[in-house]
Amino acid sequence: MAVMTPVVRRPYRAAARAGTVAGLLLLMVGLLLVPAAPASAHAVLVSSSPAASAVVPEAPAQVVITFSEGVRKVPDKVRVIAPDGSRADRGEPTFRGAEVTIPVDPSGARGTYLVSYRVISADSHPVSGAFTYSVGAPSEPPTDAGSDNRANPVTETAVKVAKYAGYVGLLLLVGPALVLAALWPRRLSRRGPARVAWTGLGVLAVATLAEVWLQVPYTNGGGLFDVTGSGLTAVLGSAYGTTHLVRLGLLAAAAFLLRPLFAGPVSRTDGIILAVLGGAALFTWPLAGHAAASPAPAVSVVVDAVHLGGMAVWLGGLVMLAVFLLRRADERELDAILPIWSRWAALAVAALLLAGTVQGLIEVASLKALVDTTYGQLLLAKIALFVLAIGVAAYSRALVRRRVAAGRPGAMRRAVVAELAITAVVLGVSATLVQTTPARTAGANVAGAPAGYFSTTLSSPLYSLQVELDPAETGNNSLHLYAYTKDNRPQPVQEWKVTAALPSAGIEPITVPLLPLSDNHATGEVNLPARGDWQVRITVRTSDIDQATVTATVPIK
């Protein structure tokens, strides 16, 4: 057996290591302190009726706001403020998936109204904002003195820290459990890895509880201790709270099987049960985040769980190598352990790469969004760091293949520490990514924002019709129609018919398929292939015998 040369720890090396660790900590703190607003809104407002900044002839009986994904209510956080500063909304708003309907006083005064909102998106993140519309003529915009929908920066930072702590606890738990179950030499004491695993379990449990606690003020926009019994009950009753409670239950069940594992080898049955519990726990992360609200939730949840599992196996194993095996195992043991670990790491990295690619395609959706959005830029930074970590991992694998790692544990240990340092920063980026609006919605059109957004009100003897076309450009456009009675109340519609034509270019009427979203609201998608003044013809049937047709001229750029 070869004699291993002791490593001389020179003072300047210790100082260098300390400086590196300090730099990494500062970088991770910087990532966690990236301003969260407006990135915390993972659904965006895509349209409203009346449209933002629009001037309507008469006060509407309701305000309808539509988001890019389903949203839930935050009590008393959706308001309409009249020009004199009083509340113009009447009764509770109605939530139907992505659409929120706010009843308002139809006899309201002329002037500018403020609509302010704070709701919860499908991925459990708060969405807040405001816009104005005017009745008759604009006036000085009012302020909402009774509600503050702004985010609390301390709470948002605490949420990121809790998520980062959860990732750290997961890898500190998975690494020791995996290595002790399959790679740990019998002659070595299990006490050190057991302490690391119990620490990881405790950190993960505390982080999970902290996330549940923080979700209350995060939802309401309050400080760290603005937690009420009703707010906590609402969080625990939501999908977000349920997944976190399930995670805690799975951790408690796993703890009973971890204790014998930390004392010595366990049976194959116990190992399989432990693996099943761990796999089930991994799904609680995507079910409470972006993946559950993606365009393909089933795919996103699975690939997100695979991505998280690959991370935990890779980084947890690296921790065990750096802290224990490369220091305690002899050359013969390392010669047996390292090739097996190398294959595991290669599989974990392959899973990370595949799952990350699928995630990126779903969440980013376009090359432009990859470059132009905060989410895309963070994803590019994560990819660059991941490629760097892969390079270091390839060097480690080369040492194993040349069968020199066992005889030169110092070189292997330095490579492993470098991998851990890089991937620690990757975890910081990941903790920020899960709090950032996905690129697929970050670029979505907010109400009133896009140039060329078309909105008008048409009148007939039977009804008044609000027509909105977004983005009013060549290519695909979204059409929204809202029907009202003459006294500005919602007009139930039995049948909608819409055609669009461009006579100047010889384009015959194109039928627009419509989907009714409520009694008085329908939407549809239409492809307008050329620029010009399109003639949009709308027929609305309000009963078996009553119908009327209106026409709008829509300039398409």
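Is Asp 89 buried or exposed? In this predicted model, Asp 89 counts as buried, because its relative accessibility is 8% and the cut-off for that class is under 20%.

1. Asp 89 takes part in a salt bridge with Arg 87, whose closest N and O atoms are 2.7 Å apart, and Arg 87, with a relative accessible area of 32%, is partly exposed. Salt bridges that share partners join Asp 76, Arg 79, Arg 87 and Asp 89 into one network.

2. A salt bridge is also formed by Asp 105 and Arg 90, with 3.6 Å between the closest N and O atoms. Asp 105 belongs to the loop between β7 and β8 and Arg 90 to the loop between β5 and β6, so this pair ties together parts that are 15 residues apart in sequence. Asp 105 is partly exposed at 24%, and Arg 90 is partly exposed at 42%.

3. Lys 73 and Glu 92 meet through their side chains in a salt bridge of 3.5 Å, N to O. The pair links distant parts of the chain, with Lys 73 in strand β4 and Glu 92 in the loop between β5 and β6, 19 residues apart. Lys 73 counts as partly exposed at 41% relative accessibility, whereas Glu 92 is exposed at 55%. The search of the whole structure finds ten salt bridges.

4. Ser 48, in strand β1, is buried with a relative accessible area of 0%, and a polar atom of the Ser 48 side chain lies 2.8 Å from the backbone oxygen of Pro 50.

5. Phe 283, Leu 287, Val 302 and Val 306 make a nonpolar surface patch of about 300 Å². Phe 283 is found in the loop between α6 and α7 and counts as partly exposed at 33% relative accessibility.

Notes:
Residues numbered from 1 in each chain as written. Predicted model: local features only at pLDDT ≥ 70, side-chain atom pairs only at ≥ 80, totals over all residues. Heavy atoms only, no water. Helix = DSSP H or I, 4+ residues; strand = E, 2+ residues; numbered from the N terminus. Buried < 20%, exposed > 50% of the residue type's maximum accessible area, 1.4 Å probe, protein only. Polar contact = N/O pair within 3.5 Å; in protein donor to acceptor, adjacent residues only side chain to side chain. Patch = residues over 30% accessible without salt bridge, like charges linked within 9 Å, V, L, I, M, F, W, Y side chains within 5 Å. Areas by Shrake-Rupley, 256 points an atom, 1.4 Å probe, with all protein chains shown as cover. Salt bridge = Lys/Arg side-chain N within 4 Å of Asp/Glu carboxyl O.
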